[in-house]
Amino acid sequence: MDQVTVAGVDCGTNSIRLLIAQVDRQGLHPVAPRLMRVIRLGEGVDRNHRFSDQALDRAFEACRLFARQLQEHPVDGLRFVATSATRDADNRESFEEGVRSILGVTPEVISGSQEASLSFLGAVSVLEQRGSDDMPPAPYLVVDLGGGSTELVLGGDGSDLPVDKVKASYSMNIGSVRMTERHLLDDPPTQEQIDQALEDVDGWIDRAFDQVPVAGVGSLIGVSGTVTTMSALALGCKVYDRHAVDGRSIPVDAARRVDDRVLNMSRQERRELKAIHPGRVDVIGGGALIWSRLLERLGRASPSALASGTYVASEHGLLDGLVLDYGRTLLRE
């Protein structure tokens, strides 16, 4: 068998995504448009440790949409992974049973380290398709900033360890939804709430930097909806355009300025920025706060990572890594 057609579903705290692609020795090749829905599965999970009935309804509605897409594009296999919110929910069996009844597959609740490895694989696999002259310098630090957790993943340098192999990773229990629900309660948030959130974020970054040796990083790659949305705003996009953002080098100073501006906006002011998906309007400030702080802290801890004054924004992360890894597994079998 030279190729397989597989599907992957990445169900996070804020959004759920489907990718159907052919996988061969050269990589993955999408056969249908990617689908994404903001379902806010993790709404209230940080506080209640349970999925609400409304969140489950939103998730199952998206799964039924995915089922219709899969009927149009038959696959050799489907893998469904769930991340931060599902790890924390006491009633995750209700979620698993619902997904199984709609899609015929049981969600695989992956650990933070598994999530980090798949995100890194997805981000780096796309870089490898560039010409050698267009490759950012290794080693790569991939940051996957989600709704419930944020993964830092460091890869090899291409000498002692291949650039597509993970050297160290750490999953921080902070994300756009979690920070908003935990700290940024007013609209717009107060300075006291922002300061409390920053203290929370700094504690997690301290722990992450103890585990991930960032000092010698060559390039920073940011993935996830928060990072790509803030990158689009930093580039001046009036509406979101994935092709304008994907793979672009984003000026750090411009990104931090727009992060701070969006964090301090009211939700109504954010709604006027059409580059922000409506489903992210109420939580994007929490993500912007995390991303700005990470850029600041990385600039001090690893000057080489941001030596060019830019980072790489990528549309390719966990979902691409999931599909590529699953397809390669089927090919080996």
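**Salt bridges, cysteines and a charged patch**

Good morning. By salt bridge I mean a side-chain nitrogen of Lys or Arg within 4 Å of a carboxyl oxygen of Asp or Glu. Strands here are DSSP runs of E with at least two residues, helices are runs of H or I with at least four, and both are numbered from the N terminus.

Before going further, a word on the model. It is a predicted one, in which local features need pLDDT of at least 70 and side-chain atom pairs count only at pLDDT 80 or more, while totals for chains, interfaces and linings use all residues. Residues are numbered from 1 along each chain as its sequence is written, and side-chain values use heavy atoms, with hydrogens and water left out.

Let me return to the first pair. Arg 79 is buried because its relative accessible area is 15%, whereas Glu 108, at 29%, is partly exposed. Buried means under 20% relative accessible area, exposed means over 50%, and partly exposed lies in between (1.4 Å probe, protein chains only).

How many salt bridges does the structure hold? There are 18 salt bridges. In general, side chains of opposite charge can pair when their charged atoms come close.

A second example is the salt bridge between Arg 178 and Asp 46, whose closest N and O atoms are 2.8 Å apart. Arg 178 lies in helix 6 and Asp 46 in helix 1 (residues 45-48), so the pair ties together parts that are 132 residues apart in sequence. Arg 178 counts as buried, at 6% relative accessibility; Asp 46, at 23%, is partly exposed.

Asp 202 belongs to helix 7 and Arg 297 to helix 12 (residues 284-301), which places the partners 95 residues apart. From C-alpha to C-alpha, Asp 202 and Arg 297 are separated by 8.7 Å in space. Both Asp 202 and Arg 297 are buried, and the relative accessible area of Asp 202 is 17%.

I turn now to the cysteines. A disulfide is a covalent bond between the sulfur atoms of two cysteines. The rule applied here asks for a pair of cysteine sulfur atoms within 2.5 Å, and by this rule the count is zero.

Finally, the surface. Asp 186, Asp 187, Glu 269 and Glu 272 gather there in a patch of negative charge. Such a patch is made of residues with over 30% relative accessible area and no salt bridge, like charges being joined within 9 Å. Asp 186 sits in the loop between helix 6 (176-182) and helix 7 (191-211). Its relative accessibility is 38%, so Asp 186 counts as partly exposed.

Thank you for your attention.

Note on methods. Patches are made of residues with over 30% relative accessible area and no salt bridge: like charges are joined within 9 Å, nonpolar side chains (Val, Leu, Ile, Met, Phe, Trp, Tyr) within 5 Å. Accessible areas come from the Shrake-Rupley method with a 1.4 Å probe; for residues, only the protein chains shown count as cover. Lys and Arg count as positive and Asp and Glu as negative; His and the chain ends are not counted. The place of a charge is taken as NZ of Lys, CZ of Arg, CG of Asp or CD of Glu.
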